Amino acid sequence: MRPGATPAARSALAERYLRFARVEAEGHSPLYTDWARHVAGSARALAFLGDLQPDRRQPNLFFAALRLVGGLPRTEAAFDDILTREGDAIAAVMRARRTQTNEPGRCACLLPLLARLDGPLALIEVGASAGLCLLPDHYGYDWGRARLDPPGGSGAPVFPCRANARAPLPESYPDIVWRAGLDLSPPDLGDAGDVAWLEALVWPEQTDRLARLRQAVAVARQAPPPVVAGDLTRDLEALIAQAPADARLVVMHSAVLTYVSDPDARADFARLMRSRDLHWISNEAPGVFPDHAKRLTPREDMFLMALDGHPVAWTGPHGQSLDWL
Ligand SMILES: C[S@@+](CC[C@H](N)C(=O)[O-])C[C@H]1O[C@@H](n2cnc3c(N)ncnc32)[C@H](O)[C@@H]1O
């Protein structure tokens, strides 16, 4: 029997899609909310997902692949029609690609924390995707009560972010003298197919977000952040060894450790972070490192940003809000 074909596996998948609709998509993407609820109740769609490997069944991966292959269905019937006609092509995209949403808007949350650290800084991002979050000092920010204009002038994105009164908003950029990313499979910003995939991962109604992604891609093409291929559970120490000794090393990640499904591997990573002379910035769903969240009231629709294992702020998963603790 296929791994996803048992009634229990189908029902777990349906539950996962319902949770995605309720916690992640509702209020942000009416289409994804509808699609996720539809998938949860569709034997055909659940069977399609059950045929894929467990790590290839995520709503974001499925919906981006379906849109890339078949366009944007506006009704459940059109959704089913694309899945029936193009199921093989959609499955091929889901096997070949990963959820690599590169959301440079997250820099609106990361930058205020980076700006509090003594520099100059050497920045490593693990799970960097194409590396757009490695350029926080190249973008502009609008936090409502404070603003930083992009250093390179117009053309660079300005990321809006609702910051609470406690958030320490910087008036200048941190001094980042060296940067490097690590990713299982870094998308190439010079490759039209890779960029089309990054664009397909932006939710359909979020046209402002897509426009800012395109601006950030243009910035990154001018100053490409180096991202090497590798696994954060194995290859990080080699990258740390390349960082300049005369800068303060920061290792950061956002929306990444959730893909390291083995809790022991996550714990090993946390141990490595604590054992080295570096700052560690984690910006993840609160369940990823339960230790970071243990004294806080859970907020399941937010990420928790932590510095060196201590919680600092709840952040909007796409960088849209910053609630400093
Ligand atoms: C959702 S994306 C987030 C990208 C980026 N951090 C951001 O916030 O825009 C997750 C990235 O983590 C990468 N990734 C997942 N597991 C990884 C691992 N074990 N080692 C390195 N990269 C990994 C994926 O390839 C993907 O590009």
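## Salt bridges between the domains

A salt bridge here is a side-chain nitrogen of Lys or Arg within 4 Å of a carboxyl oxygen of Asp or Glu. By that rule, the interface of domain 1 and domain 2 holds 2 salt bridges. The model is predicted.

On the side of domain 1 that touches domain 2, helix 1 (7–25), helix 2 (30–40) and helix 4 (59–70) each supply at least two residues. The residues of that side divide into 12 nonpolar, 4 polar and 4 charged.

## Domain layout

The protein chain splits into domain 1, covering 7–96, and domain 2, covering 104–324. The C-alpha centres of the two domains lie 27 Å apart.

Contact between them involves 20 residues of domain 1 and 14 residues of domain 2. The size of an interface is often given as the accessible area lost when the parts come together. Between domain 1 and domain 2 the buried area is about 1300 Å². Carbon and sulfur atoms give 63% of that area.

## Ligand surroundings

There are 20 residues around the ligand. Those that come nearest are N102, E103, R106, D183 and S254.

Q100 places one 2.8 Å from a ligand oxygen atom. N102 also has a polar side-chain atom 2.8 Å from an oxygen atom of the ligand. For D231, an N or O atom of the side chain is 3.0 Å from a nitrogen atom of the ligand.

Notes: Residues are numbered from 1 along each chain as its sequence is written. This is a predicted model: local features need pLDDT of at least 70, side-chain atom pairs count only at pLDDT 80 or more; totals for chains, interfaces and linings use all residues. Side-chain values use heavy atoms; hydrogens and water are left out. Domain bounds come from an automatic or database domain assignment. Contact means heavy atoms within 4.5 Å. Buried area is the accessible area (1.4 Å probe) that two parts lose on being put together, summed over both. Helices (H or I, at least four residues) and strands (E, at least two) are DSSP runs, numbered from the N terminus. Ala, Val, Leu, Ile, Met, Phe, Trp, Tyr, Cys and Pro count as nonpolar, Asp, Glu, Lys and Arg as charged, and the others, Gly among them, as polar. A residue is near a molecule or strand if one of its heavy atoms lies within 4 Å of it. A polar contact is a pair of N or O atoms within 3.5 Å; within protein, one must be able to donate a hydrogen and the other to accept it, and residues adjacent in sequence count only if both atoms are side-chain atoms.
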